[in-house]
Amino acid sequence: MTSDEGAQTALHLLLVWAFMSVAMPGAGLTLLATAWAGGYGALVPVLAVGVPLLVALLSIMGAPAKGVVPLCASVPKRLGWAALVLVLGTLGVLAGLAAYDDGVYLGSAGIRVALTGAPYAVAAAFFVPNRRVRLGATVVLAAAVAYGGFIGPDQARQRRHTAEAARYREHQELLYTIDTPPGMRVARADIGSVAFAVEYHSVRRDGYVGLSVRMPLDPRPSCPTPPEKDVTCAVSERGDMSLVRTFPGGGHHIALTRRHGAVEAEVSSQTLDEPALRRLLDTLHPLSDAELEGLMEEKVLG
């Protein structure tokens, strides 16, 4: 390829990119406005007029390359070339829209408009009978596929994950947890604005422990008054409150409440006794990043 042919090819691809960067956003807005105003049925006449018009205008961008690109040598050939570039480029734009909808970052609004014309310029480059030009187009296409299909989605997932973790950390003062009871696993966890609750279920589903961390309503734990039937309540010297509810025919529900700094933590169970719950409450500690990651990965956060 001579220097003149290289200049013609560069001008040709630049014109395709610039024209489609302007035409396609305008066409998209026109289609959206038409569908909004008249429904999908109104799109048929717009497409019937708009597509041939785009092909005709795009064919003009091929005129500078009529001595370089065989498909641009004559008007009929340029119309066929324009139709092929329009179809192939639109497929690229649709792939980009799908990636963007999946959260792939494509830059600012101005950059996204500029990128609209890129698939058409790449498609046009493949019709240039030059190995270097086609190799360059292949590299650009491969880079776009790698970013849109793999790198971008992975970054989008990481951004969503980071944003989700930050949202859970909005009420950091409530995020305390205990060591997982032996033979149990986290079944559910809820992070709210006033409380953090975790449910632990045994692997065989015959045991349960609940943890609730909340802002205290009273200055110090106190037994309910008047006393409830079948309920035994006691407050220890260190301020722990034990509430034992017995059920007819046997069985019980124990709730042990303790103040920890500015929050109040409660562990409860129908299968563990009070000493076991007290040992669990002794393990109360701030929820670490690794523990939060584990809850998110296990998808138990509600």
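Among contacts in the protein between residues at least 6 apart in sequence, 51% join residues at least 24 apart, a contact being heavy atoms within 4.5 Å. The model is a predicted one, in which local features need pLDDT of at least 70 and side-chain atom pairs count only at pLDDT 80 or more, while totals for chains, interfaces and linings use all residues. Residues are numbered from 1 along each chain as its sequence is written, and side-chain values use heavy atoms, with hydrogens and water left out.

The protein has eight helices and nine strands; helices (H or I, at least four residues) and strands (E, at least two) are DSSP runs, numbered from the N terminus. Its radius of gyration is 33 Å, whereas a compact globule of 302 residues would have one near 19 Å. That radius is taken over C-alpha atoms, and the globule rule is 2.2 Å times the number of residues to the power 0.38. Along the principal axes, the C-alpha trace spans about 95 × 45 × 35 Å.

Of the 302 residues, 33% count as buried. Buried means under 20% relative accessible area, exposed over 50%, and partly exposed in between (1.4 Å probe, protein chains only). The protein exposes about 17400 Å², and carbon and sulfur atoms supply 64% of that area; accessible areas come from the Shrake-Rupley method with a 1.4 Å probe, and for residues only the protein chains shown count as cover.

Helix α5 (residues 118-125) is largely enclosed by the rest of the structure, because six of its eight residues are buried. The buried residues are Y120, A121, V122, A123, A124 and A125. Their cover includes α1 (3-38), α3 (75-101), α4 (109-116) and α6 (131-168).

G261, in contrast, is exposed, with a relative accessible area of 77%. This glycine lies in the loop between β7 (252-260) and β8 (263-269). Its C-alpha atom is separated by 42 Å from that of D102, 159 residues apart along the chain.

Turning to the cysteines, a disulfide is a pair of cysteine sulfur atoms within 2.5 Å, and by this rule the count comes to one. C223 and C233 form it, with their sulfur atoms 2.0 Å apart. C223 lies in the loop between β4 (208-214) and β5 (231-235) and C233 in strand β5, so the pair ties together parts that are ten residues apart in sequence. The link is left-handed, with -85° about the S-S bond. C223 is partly exposed at 27% relative accessible area, and C233 is partly exposed at 25%. C72 is buried, with a relative accessible area of 0%.
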